[in-house]
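This report concerns charged and nonpolar side chains in one protein model. The sequence and coordinates are shown first.

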Amino acid sequence: QRKQAHELRKTLKPLLEKRRRARINDSLSHLKGLILPLVGKDNARYSKLEKADILEMTVRFLRDLPSSPVKDSADSYREGYKACLQRVSALLPKTSLDQDACRRINDFIQQTMSSTVTPTCLNCCAQSSRTLPQIQHRLLSLKSSFSSRLESRSRSDLGAGAPIRAQALQQPVSAAMWRPW
């Protein structure tokens, strides 16, 4: 059995090596097709390039690319916040919220996304922004109207146990605890 396994490996190794070389050559061919137009060279004129030439052209092109500026934490936060709002907006129709609540949340999302003033968080960025208190106020008003509707439903559905749940829902939200996520 060892002898058969050794012979099998001996016959498979050249095949595997041939496949590996074919993959490398295919990738280099694709890379050549991508890099030549980017460096302003004509494909017809440079039909026969050595592999090393293709790789050197690619390295030179990538080295000469202008480095993208590193985003500061405020920009990164704004992008994440907007992405979060878009995600909530996309998932909102799949929730079991009534149409009025969905509409108000959607209105809030649209207003926030179209706002020229971008939100900031308390733990980073500019702490003196006026937007954060506005967002907190809107969230508190949404929460209070939602919890009052929930309270009226609970009273009609569950009877005496509902006021305890409604009180738990109406606890004030601390400004230091607010998070967009």
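## Basis of the model

The model is predicted: local features require pLDDT of at least 70, side-chain atom pairs count only at pLDDT 80 or more, and totals for chains, interfaces and linings use all residues. Residues are numbered from 1 along each chain as its sequence is written, and side-chain values use heavy atoms, with hydrogens and water left out.

## Salt bridges

The whole structure contains five salt bridges, a salt bridge being a side-chain nitrogen of Lys or Arg within 4 Å of a carboxyl oxygen of Asp or Glu. Helices here are DSSP runs of H or I with at least four residues, numbered from the N terminus.

In helix α4 (residues 99–114), Arg103 and Asp100 are three residues apart, about one turn of the helix. Their closest N and O atoms are 2.7 Å apart, forming a salt bridge. Arg103 also pairs with Asp107, with closest N and O atoms 3.2 Å apart; these two residues of helix α4 are four residues apart. Shared partners join Asp100, Arg103, Arg104 and Asp107 into one network of salt bridges. Arg103 is partly exposed at 44% relative accessibility, where partly exposed lies between buried (under 20% relative accessible area) and exposed (over 50%), with a 1.4 Å probe and protein chains only.

A further salt bridge links Glu17 with Arg21, whose closest N and O atoms are 3.7 Å apart. Both belong to helix α1, where four residues, about one helical turn, separate them. Glu17 is partly exposed at 29%, and Arg21 is partly exposed at 42%.

## A buried lysine

Lys32 lies in helix α1 (residues 2–38). Lys32 is buried yet has no salt bridge, and the nearest side chain of opposite charge, that of Asp53, is 10 Å away. Beyond residues up to four places away in sequence, Lys32 touches Pro37, Asn43, Tyr46, Ser47, Lys48, Leu49 and Ile54, contact meaning heavy atoms within 4.5 Å.

## Surface patches

Patches consist of residues with over 30% relative accessible area and no salt bridge; like charges are joined within 9 Å, and nonpolar side chains (Val, Leu, Ile, Met, Phe, Trp, Tyr) within 5 Å. Lys41, Arg45, Arg60 and Arg63 form a positive patch. Of these residues, Arg60 is placed in helix α2 (residues 51–64) and is partly exposed, with a relative accessible area of 44%.

A nonpolar surface patch comprises Leu8, Leu12, Leu15 and Leu16, with about 370 Å² of accessible area together. Leu15 lies in helix α1 and is partly exposed, with a relative accessible area of 48%.

Notes: Areas by Shrake-Rupley, 256 points an atom, 1.4 Å probe, with all protein chains shown as cover. Lys, Arg positive; Asp, Glu negative; His and termini not counted. Charge placed at Lys NZ, Arg CZ, Asp CG, Glu CD.
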